Amino acid sequence: MSQAKNPESHIGRKPNRLINEQSPYLRQHAYNPVDWYAWGPDALARARTE
């Protein structure tokens, strides 16, 4: 079962920065163990520094 359909799978897991996005697609990945960035100034600034 996907995390979006089973909210109990998030217990004890810290969300990434996608938790505050408006897009339901992005929010469904908020508990993935990846440091995701949505497109925007933060993502572009990090890309420049790396």
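Colleague: Is Arg17 buried, partly exposed or exposed?

Modeller: This is a predicted model, so the value is computed from predicted coordinates. Arg17 has a relative accessible area of 34%. Buried would need under 20% and exposed over 50%, so Arg17 is partly exposed.

Colleague: Which ring does the charged end of Arg17 sit over?

Modeller: A charge counts as over a ring when CZ of Arg is within 6 Å of the ring centre and within 35 degrees of the ring normal. The charged end of Arg17 lies 3.6 Å from the centre of the ring in question. That ring belongs to Tyr37.

Colleague: What is the N to O distance in the salt bridge between Asp35 and Arg17?

Modeller: The two side chains meet in a salt bridge, for which the cut-off is 4 Å. The N to O distance is 2.4 Å.

Colleague: How many residues apart are Asp35 and Arg17?

Modeller: The salt bridge between Asp35 and Arg17 links distant parts of the chain. Asp35 is in the loop between helix 1 (24-27) and helix 2 (41-49), while Arg17 is in the segment before helix 1. Their separation is 18 residues.

Colleague: What is the relative accessible area of Asn16?

Modeller: Asn16 is found in the segment before helix 1. It is classed as buried because its relative accessible area falls under the 20% limit. The value is 11%.

Colleague: Leaving aside neighbours within four places in sequence, which residues is Asn16 in contact with?

Modeller: A polar atom of the Asn16 side chain lies 2.9 Å from the backbone nitrogen of Leu18, but Leu18 falls within the four places left aside. Contact here means heavy atoms within 4.5 Å. The residues that remain are His29, Ala30, Asn32, Val34 and Trp36.

Colleague: How far apart in space are Ser9 and Tyr31, C-alpha to C-alpha?

Modeller: Ser9 is placed in the segment before helix 1, and it is partly exposed, with a relative accessible area of 26%. In sequence, Ser9 and Tyr31 are 22 residues apart. In space, C-alpha to C-alpha, the distance is 9.1 Å.

Colleague: What share of the 50 residues in the protein chain do buried residues make up?

Modeller: The secondary structure of the chain comes to two helices and zero strands. The chain exposes about 4200 Å², with 56% supplied by carbon and sulfur atoms. Under the 20% cut-off, the buried share of the 50 residues is 18%.

Note on methods
Residues are numbered from 1 along each chain as its sequence is written. This is a predicted model: local features need pLDDT of at least 70, side-chain atom pairs count only at pLDDT 80 or more; totals for chains, interfaces and linings use all residues. Side-chain values use heavy atoms; hydrogens and water are left out. Helices (H or I, at least four residues) and strands (E, at least two) are DSSP runs, numbered from the N terminus. Buried means under 20% relative accessible area, exposed over 50%, partly exposed in between (1.4 Å probe, protein chains only). Accessible areas come from the Shrake-Rupley method with a 1.4 Å probe; for residues, only the protein chains shown count as cover. A polar contact is a pair of N or O atoms within 3.5 Å; within protein, one must be able to donate a hydrogen and the other to accept it, and residues adjacent in sequence count only if both atoms are side-chain atoms.
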